[in-house]
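This report looks at helix packing and charged pairs. The model comes first, then the notes.

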Amino acid sequence: MTTLPPGFENLAPYLDWALETEPERSAKRAASRFEDVKRFYDAVFPLLPAALIHLQAFRLEHLDAPSRTLLQLLLSYAEAALVVENFGQVAVPDGYGIERFEVRRLGGTF
């Protein structure tokens, strides 16, 4: 079962945003209704300072499972913030579809 660090339990309804890779996160954003992206954004935003402080205590390779889930949510938040703060819709105007990009991993999963 996926859990979050203490203090971040309010993000539990959004665990489906805790995705492993950038293409997965981008696809989730693109396939979601704007209202759902905005709801996720609004839930994470007030917890950002505390989440960043929490994550600073770890080296990336030593994250425990709950902290890794929190990091994945913050990475998805970055996808959500792009469209909420700039476009007011899930699509990036005049942007390319994610399927046109080729992802190459140099190491790690983020």
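## Salt bridges and a helix contact

At 8% relative accessibility, Arg29 is buried. The model here is a predicted one. The side chain of Arg29 meets that of Glu79 in a salt bridge, 3.4 Å from N to O. Glu79 is buried too, since its relative accessible area of 13% is under the 20% cut-off. The pair links distant parts of the chain: Arg29 lies in helix H1 and Glu79 in helix H4, 50 residues apart.

Helix H1 spans residues 22-31 and helix H4 residues 65-86. Their axes are 10 Å apart and meet at an angle of about 45°. H1 and H4 are therefore oblique to each other. Their crossing is right-handed. H1 contributes Glu22, Arg25, Ser26 and Arg29 to the contact, and H4 contributes Gln72, Leu75, Ser76, Glu79 and Val83. By class, these residues divide into 2 nonpolar, 3 polar and 4 charged.

The salt bridges come to 7.

| Pair | N to O distance |
|---|---|
| Glu79 and Arg29 | 3.4 Å |
| Lys38 and Asp42 | 2.9 Å |
| Glu61 and Arg59 | 2.8 Å |

Lys38 and Asp42 both belong to helix H2, residues 34-44. They are 4 residues apart, so about one helical turn separates them. Lys38 is partly exposed at 31% relative accessibility, and Asp42 is partly exposed at 39%. Glu61 and Arg59 are both exposed.

Salt bridges also link Arg33, Asp36 and Arg39 in a network.

Technical notes. Residues are numbered from 1 along each chain as its sequence is written. This is a predicted model: local features need pLDDT of at least 70, side-chain atom pairs count only at pLDDT 80 or more; totals for chains, interfaces and linings use all residues. Side-chain values use heavy atoms; hydrogens and water are left out. Axes are lines fitted to C-alpha atoms, for helices over the stretch in contact, and angles run from 0 to 180 degrees between N-to-C directions. Helices (H or I, at least four residues) and strands (E, at least two) are DSSP runs, numbered from the N terminus. Angles under 35 degrees count as roughly parallel, over 145 as roughly antiparallel, 65 to 115 as roughly perpendicular and the rest as oblique. A crossing is left-handed if the near helix is turned anticlockwise from the far one by less than a right angle, and right-handed if clockwise. Contact means heavy atoms within 4.5 Å. Ala, Val, Leu, Ile, Met, Phe, Trp, Tyr, Cys and Pro count as nonpolar, Asp, Glu, Lys and Arg as charged, and the others, Gly among them, as polar. A salt bridge is a side-chain nitrogen of Lys or Arg within 4 Å of a carboxyl oxygen of Asp or Glu. Buried means under 20% relative accessible area, exposed over 50%, partly exposed in between (1.4 Å probe, protein chains only).
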